[in-house]
Amino acid sequence: MHASDPTFPLYPVLSFVAIIVSFIPFPWHFRARNIGTCSYMLSTGLYSLVEFINSIIWADNVNNIAPVWCDISVLTIIGASVGITSSTLAISRQLYHISAMNGRSTTPHEKRREIIINSVIAFGIPLLVMALHFVVQPRRFDIFEEIGCQPATFNTVASYILYFMWPVLIGVCSFIYSVLTLRNFYNHRVEFAKIASTNSGMSPSRYIRLMLLVFVDMFCNTPIGVFAIIVSARAAVLPFSALSKSMDFTSVQLVSASVWKANRLDRAAVEINRWVPVFCSFVFFVFFGFAEEAKKNYRKAYENSKKLLGCRGRRMEADGFPKPSESQMWDMISNAELSNSTTSTLTPSTLPTKDKYKPDDSYLSQTDTLNSPSSPYSASSRTSSLRPLLIRSGVTSSQPSLRQASFTDSEQRAGFFAGQLKGKTSPAP
């Protein structure tokens, strides 16, 4: 592939990275039901995906090799280009609604109503513009070399009303909401933390980052919309009646790179339109990809990936139990020995006696019973109860010396305490 663009493959690489960073914060924003930010990520991610594929397929040609894909990509470009600004409007409206509550908590009914209104703004307006564009669409689509499939729009007055004016109109509405939000923020700056916390999934830091995102998008996309109107108005604006004569949905216009690069304004308009989603994706990730909630989700995803790949897994034996390490094996034996020896002995300090220095004979008989061979707490019973543990740890019946050595100290302690109860001062033999 010999692309005419000397910077190739710079744009495909950056647009691919933009796709990834667009969807990284999506899960936790979706769980928080932030409709505006979810729509913003979908718009920038899908827009970058379409432009990424187009820039590879048509890097060095203008052949109509994928007409169905062009139909899909054209609709996606129309909806996503308006979806970025409409998502910003939904975010700015949500911020204004939070700032105007004066710390009052929202009811479930109010939350549902806000979700519905923000969904209509973020998703309904792009769908409306996609439908309105059919009215001023003279042909199926255009193919620009190095760019790919692009919407075809008839240059008439109706095009400015039905299609070109939407980014500018939405940007003006976002500007009004932003000014009102700043005014409320100034009036209630002392109670700002309480105001932001009234909305679920919102914090003061996230509130400020959303405001910055709105301002950056508003001061970038709105001038771009004005610039697109100026560039289109430079050409001859035809009457709407001429559209019926030139309308042919079976035709496709092919534009080589030398043609659309011949004029600086036309070239700037084409280049800016395809770089907008990449720029918006990186701006969003800068604001939300390094936040505290993002770092928590990164750590959680890292732990889940380790569990999925089995990095923290342990080898399992045939009976389904995890196989302990050598140090863990001896710790298990020592703990079990100490636990059993403590259970099978009764210390003089814990025995209630009738005389201060002479223990009761009933407790002496009980101690002898505990140490009898038939008792389940005797040394022989303890040895048999630990047999499965020793077998699992690798100690079999062929190693009697190891088993006997493991319980010598416990048997001596049991005999020592029994001797003390009988009034002896030395351990029992």
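Colleague: In β2, which residue is the bridge partner of D142?

Modeller: This is a predicted model: local features need pLDDT of at least 70, side-chain atom pairs count only at pLDDT 80 or more, and totals for chains, interfaces and linings use all residues. Residues are numbered from 1 along each chain as its sequence is written, and side-chain values use heavy atoms, with hydrogens and water left out. Strands (E, at least two residues) and helices (H or I, at least four) are DSSP runs, numbered from the N terminus. In β2, D142 is bridged to Q150.

Colleague: Do β1 and β2 run parallel or antiparallel?

Modeller: Two strands pair if DSSP finds at least two bridges between them. Here 3 bridges join β1 to β2 (residues 148-150). These strands run antiparallel.

Colleague: In the hairpin of β1 and β2, which residue takes a positive phi?

Modeller: The hairpin has 3 residues between the strands. The positive phi, near 75 degrees, belongs to E146.

Colleague: What is the angle between the planes of F215 and F219?

Modeller: Rings of Phe, Tyr and Trp (its six-membered ring) pair if their centres lie within 6.5 Å; planes under 30 degrees apart are stacked, over 60 edge-to-face, and the rest tilted. The structure holds 9 aromatic pairs. F215 and F219 form a stacked pair, with 6.2 Å from centre to centre and, between the planes, 15 degrees.

Colleague: By how many helical turns are F215 and F219 separated?

Modeller: Both belong to helix α8 (residues 204-234). Because they are 4 residues apart there, the separation is about one helical turn.

Colleague: Is F219 buried or exposed?

Modeller: Buried means under 20% relative accessible area, exposed over 50%, and partly exposed in between (1.4 Å probe, protein chains only). F215, at 21%, counts as partly exposed. F219 has 53% relative accessibility and therefore counts as exposed.
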